[in-house]
Structure formats: structure tokens, C-alpha cells
Amino acid sequence: MKPPMVQLNREAYLGFLEETLEADSLDEVRTRLAVLDRALSRPPGDLPQLFAVNGPGTEVCLRTDVLQAEIARIGAVYTLKRARYYLRRLRAGASKPKTTGVNDINLCRWKEYDEIITDSLWLVNRRDTSGAHLGWYWGNFVPQIPRQLLLRYTRQGDWVLDPFLGSGTTLIECRRLGRHGIGVELNPQTAARAKELVTQEDNPHGVTTRVFTGDSVDFDFAAAVKELGVDQVQLALLHPPYHNIIQFDDDPRNLCNAPDVESFLELFGRVLENTNRVLEPGRFLAVVIGDRYSRGEWIPLGFYCLERVRARGYLLKSIIVKNFEETRGKRHQKELWRYRALAGGFYVFKHEYILLFQKR
Ligand SMILES: C[S@@+](CC[C@H](N)C(=O)[O-])C[C@H]1O[C@@H](n2cnc3c(N)ncnc32)[C@H](O)[C@@H]1O
């Protein structure tokens, strides 16, 4: 559900806050804020003249519930000094946005972004299946993963590279959020289907989302981005096969067919290096990966991949653990896995990793 928003006349609102800051008593502050509070409770389009927007570009768009909570907070303070502190914060929220430069999050209004996860444990219990997200591809990630990463590590109009595109989830999210996206997928049928789906998704921001068929080990990313009119991408999102857990096809170049873990990591490393060539310094690279189990031994693919990225000079920013329910393959084998776990002395996988790195 979309949060309630209100559009106020920016100049008028800032002027109102300025005058409130000059109030001589807490009572006066409260009386003035009650006027604003009442205005926020009126139906949209029925704002008092004082705050009414009088033309495009004259508005500031604010979360109504967050603003009302701030007004209530100011109403409850004991000193004028404290009230002014919160009033100055409201003023900053309607003034020039303060961002880190890698996203569009206005830090002066950080309370409005409750969709954005900041904890390292992600419990995503329902896959987003809206729009072109069909969930048809065995081995795809939930769209919430690219969505969170795009919101957190890109700005509108930035470029995103996904070298293991699969069904195109990342590019569908790019369209929704107004980011340009480039995806490379080895399997021609999968790439063709991804292309179909991505173009089915609305493109309200008019971004470019391009699907290439190719081997990301040696695909010329630089030429691809250049062809699209840019030199670099601002986010790389890598979701490789979890080695041979799912056999995507028989192509020996597919990372799922690497004969052993070492060769898998070698190929992964080459995709990393290739990606690194086009990733802008200071920007982020995310790897989504799970571990696997083989011949009585837990193979920590996630940690091995993590080390491969760090070895290339990247700064590790976070290790996120995300839950997952049974994949389609395992759903019917749940009981069998429980038996195997009890017999084999291990635990059944219920998590994967989202590893976050910053390019220095
Ligand atoms: C885990 S899936 C990615 C799923 C994707 N995130 C989605 O939501 O659909 C990994 C994909 O990487 C592809 N792949 C494997 N090796 C590749 C390579 N060398 N170059 C490009 N794609 C490759 C596989 O065919 C598979 O579709």
C-alpha cells in the first residue's frame, strides 16, 4: 500500500516554519502547528490557501503520517529549544535534499523510507509476482532483492549491470525504478524469454533495459555500455548459479557446469574482473549466492566468493543473510532432506547471502 502523501506549497510551508521558529513560547509553537496539523487532515485538494500549490514546481511532497508524527512530537516537548530543534529538522526536510551521492535517499527525511531494509537479516516471505515478475524461472531471486539494492545503491538514471541475468528480474525492477539496465545471459532461450518479459513491463521513466546473450566471462561489457552511450555502470549485481545446485543447461561455459568448486570460483573470478572494468569507483557490487552440500560436507560457496571479491581490492560492506523457502526442486523432498539432515549431522539450507562490496 502506498503511504499517504501531501503536497504543500514549498515557499509557503518554509515561510510558515520560519515564523514558527521565531515564536516566543511553546504555546505559540503548538497553536501554529495545530493549524498545519488540521490542514494535513483535510482531503487532498482541499488545503487552506496558505499551503495550496499554485503551479508545477512550487510544491514539496511529504509523507503525511511522518509529518503528523513530527508535529505530535514537537507538541510533546518541554522546552522551546527542543521544539526549535525539531522545527529546524522539518525545515531541512523541505529544503535542499541531503544524499550520500549513491542513491536518492534524502537523509533529512530518512523516516519516510520505511520500505528500505537496513538490517542484515532479510526475511522475505512473499515473492513479488506483480507485473512481468512471473516467478517462472527455477533459480531466480525474489524481485525484492534487486529492488532493495537499486533503491539503496543507485540514483534514478544510473546504470546497472547484471552478468547472470536469468529471467530478467533485475531489469524489470530497473524499469519500475527508473534505472537503466544491462543484462547478460548465456542461455539463448532464457535470454529471449527474459527480453520478452522485460519489454512487457511498463517503462514509466523511459529507461533503457537491454538484454544480451553471451558469456559473461569474456563478454565485452565495455563495448556494450559504450554502444548505449555510457562508459561505466553504477551498480553490479551478480547472481551466479550456486555451482551445480541447479543445472541450467549443458553448456560447459555455464558456471553450473564447472567440474569442481575451484573451477567454479575461477570462472566467477573472471566474471568479476570483467565486471570490474566497467564499474565506477566508489560504487557498489552485490553478489547473491548460497552454499551447497556435497558428500557429507558443507561447501561455503558464499564465503569463497566473498574472498574472491575481496582479493580484487573491494571493501566488504555487509553480509546479509536472507531466508528462503524450498525451491521448486526441493519442495517435494522436504521430508527426505529432514531425514538426510538427521542422519548426516547437518542442517538444511534455509538461507542465502547477499554480499555487498564497494569498489575503492
Ligand atoms: C541464479 S541464475 C540468475 C537468476 C536471475 N537472478 C533471475 O532472477 O532470474 C544464474 C543464471 O546465470 C546464467 N549463467 C551461468 N553462467 C553464465 C555465464 N558464463 N555467462 C552468462 N550467464 C551465465 C545461467 O544460465 C542462469 O540463468
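**Around the ligand**

Modeller: Start with His239: an N or O atom of its side chain is 2.8 Å from a nitrogen atom of the ligand. This is a predicted model, where local features need pLDDT of at least 70 and side-chain atom pairs count only at pLDDT 80 or more, while totals for chains, interfaces and linings use all residues. Residues are numbered from 1 along each chain as its sequence is written, and side-chain values use heavy atoms, without hydrogens and water.

Ser167 also uses its side chain: an N or O atom there is 2.6 Å from an oxygen atom of the ligand. Ser216 uses its backbone instead, with a polar atom 3.0 Å from a ligand nitrogen. Such pairs are polar contacts (N or O atoms within 3.5 Å; within protein, one must be able to donate a hydrogen and the other to accept it, and residues adjacent in sequence count only if both atoms are side-chain atoms).

How many residues are around the ligand? There are 22, and Tyr137, Ser167, Thr169, Glu185 and His239 come nearest. Near means a heavy atom within 4 Å. The shell holds ten nonpolar, nine polar and three charged residues. Here Ala, Val, Leu, Ile, Met, Phe, Trp, Tyr, Cys and Pro are nonpolar, Asp, Glu, Lys and Arg charged, and the others, Gly among them, polar.

Now step out to the sheet. Eight strands form an open, mixed sheet, in the order β3-β11-β12-β8-β7-β4-β5-β6. β3 (121–122) and β6 (209–213) are at the edges with a single partner each, so one side of each has no neighbour in the sheet. Strands (E, at least two residues) and helices (H or I, at least four) are DSSP runs, numbered from the N terminus. Two strands pair if DSSP finds at least two bridges between them. β8 (residues 279–289) and β12 (residues 351–358) run antiparallel and share six bridges. Ala286 stands opposite Leu356 in β12.

Helix α7 (residues 188–200) lies across β5 (180–185) and β6, at about 170° to β6. Axes are lines fitted to C-alpha atoms, for helices over the stretch in contact (heavy atoms within 4.5 Å). Angles run from 0 to 180 degrees between N-to-C directions.
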